[in-house]
Amino acid sequence: MGAIVVGGGLAGSEAAWQLARQGIEVDLYEMRPHVPTAAHHSGWLGELVCSNSLRADSPENAAGLLKEELRFLNSLVLNAADRSRVPAGGALAVDREGFARAVTEGVSSHPLIRVHRKELDRIPGGDLVILATGPLTTGLLAKDIQRRLGTGYLHFFDAAAPLVTAESVNMAVAWWGARYDKGTPDYINCPLDEGQYHVLVDFLINATRHIPKIEGESSYFEGCMPVEEMARRGPLTLAYGPLKPVGLIDPRTGKRHFAVVQLRIDNRQRSLFNLVGFQTSLIHAEQRRMMTLIPGLEDAEIVRYGMMHQNSYIHSPVVLQATGACRQAPGLFFAGQLTGVEGYIESVASGLVAGINGARFLRGQPAVMFPPETAIGGLMDYIVTAEPDHFQPTNINWGLLPPLEKRVKQKKQRNAQLAMRARRSLQAFRQSEGI
Ligand SMILES: Cc1cc2nc3c(=O)[nH]c(=O)nc-3n(C[C@H](O)[C@H](O)[C@H](O)COP(=O)(O)OP(=O)(O)OC[C@H]3O[C@@H](n4cnc5c(N)ncnc54)[C@H](O)[C@@H]3O)c2cc1C
């Protein structure tokens, strides 16, 4: 009696690990490096496809609470992230390769997990199958999933930001700092005056883009909007968005600039940086021109270009349960971005839920539903109960948790109480369910 997990990304790696640590034998199928995707660049399991940030790490933030819960439940992926952490102020950012290496080693060295490097073109047979093939699930398998579920996929556009080398940034122009001087000064800041800002915005509006052809209609995911699309929304949209200068005082002049492009450390050696909020669909030549318009990046060496692609997910409110199991086929589970959760840690969380419940299914035990007042439970509850006609992928946020019994006006206090309630609830749940 064993399990099959398809997809060795963030969700699939976590699901395989959770199954194995409960004594279940796992066959994990990952097609890379033999079959590439449009976004991955290696054969590592758990490769991060864009940003190296897993977002905020403090439980004052819903993303921080979700991480706390994953750590509490012995998540393999969170453990790998903690071990490969690089400085990023209040965020959990990781050395990209060190992180993927740690996930790969964690999975491959487990005696109960066999990793097969193979593309599957249909849902495999087996007592328990977890599909975690992500937003770039390959065509034949995607068709088979649609056939089995009896509903079409939903789509949106997603984009990634370019990566540049540290040594190509002109530090005579840029400076190290952190917003509001919080934590250590881990970001490189490139300042723009008002004139430079508007030249950049005009360029972004008119630059040539490459938008992949897709079947049907797609919309943008608001949390990952291409920078040129933001520029089109209004001349100051970027100045109030990713280029906002608030809390960034140039130590050389004591002044605040009109706008600031921030670069985040991408690896432990601090040799690579990604442009925060600069996910883009511009063609490569235009991305090179864009750099020349950002002070400090005029000679930046791009080691990975930004790109845009289609992102597909299943119609979870119709076909999925909060346990990760498919409504029509109890031995078939889904995990990760494919289910309509959005983001790295959200994908890990849904992989963890599928792994825990997959093991219970094989042992003949009833599945567990995470309490909705926990971040994991709130997220899972949302994707299966959202309004089906307008179902959109979601990041974790406080709005997914039920409101407190007594209204708390102050946001900071409210969030602290939500986090405390979640913590208590998860502890009790873990004890009562023996997880
Ligand atoms: C370009 C891009 C940029 C993104 N940027 C961010 C970001 O910056 N921050 C963020 O939080 N989230 C981001 N996301 C969203 C999401 O968090 C990631 O896609 C995340 O990797 C999802 O995890 P997953 O495990 O569901 O899928 P993946 O990590 O993509 O894993 C799926 C795995 O399945 C494999 N696979 C696919 N089809 C088959 C098949 N037929 N047979 C065998 N193996 C198969 C793939 O090779 C892959 O390894 C981005 C997504 C994309 C596509």
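1. Helix axes here are lines fitted to C-alpha atoms over the stretch in contact, and angles run from 0 to 180 degrees between N-to-C directions. Helices (H or I, at least four residues) and strands (E, at least two) are DSSP runs, numbered from the N terminus. On those terms, the axes of α1 and α4 come within 10 Å and cross at roughly 35°. The crossing is left-handed (the near helix is turned anticlockwise from the far one by less than a right angle).

2. This is a predicted model: local features need pLDDT of at least 70, side-chain atom pairs count only at pLDDT 80 or more, and totals for chains, interfaces and linings use all residues. Residues are numbered from 1 along each chain as its sequence is written.

3. At the helix pair, Ser13, Ala16 and Trp17 of α1 meet Val103, Gly106 and Val107 of α4. Contact means C-beta atoms, placed from the backbone, within 7 Å. This contact has four nonpolar, two polar and no charged residues.

4. The chain splits into domain 1 (2-153 + 314-433) and domain 2 (160-309); the bounds come from an automatic or database assignment. Their centres, over C-alpha atoms, are 29 Å apart.

5. At the domain interface, 20 residues of domain 1 contact 18 of domain 2. Helix α4 (residues 96-108) gives the largest share of the domain 1 side, three residues.

6. The ligand has 37 residues around it, with Gly7, Gly9, Cys50, Gly134 and Gly336 nearest (C-beta atom, placed from the backbone, within 6 Å). Helix α1 gives the largest share of this shell, three residues.

How values were computed. Two residues are in contact if their C-beta atoms, placed from the backbone, lie within 7 Å. Ala, Val, Leu, Ile, Met, Phe, Trp, Tyr, Cys and Pro count as nonpolar, Asp, Glu, Lys and Arg as charged, and the others, Gly among them, as polar.
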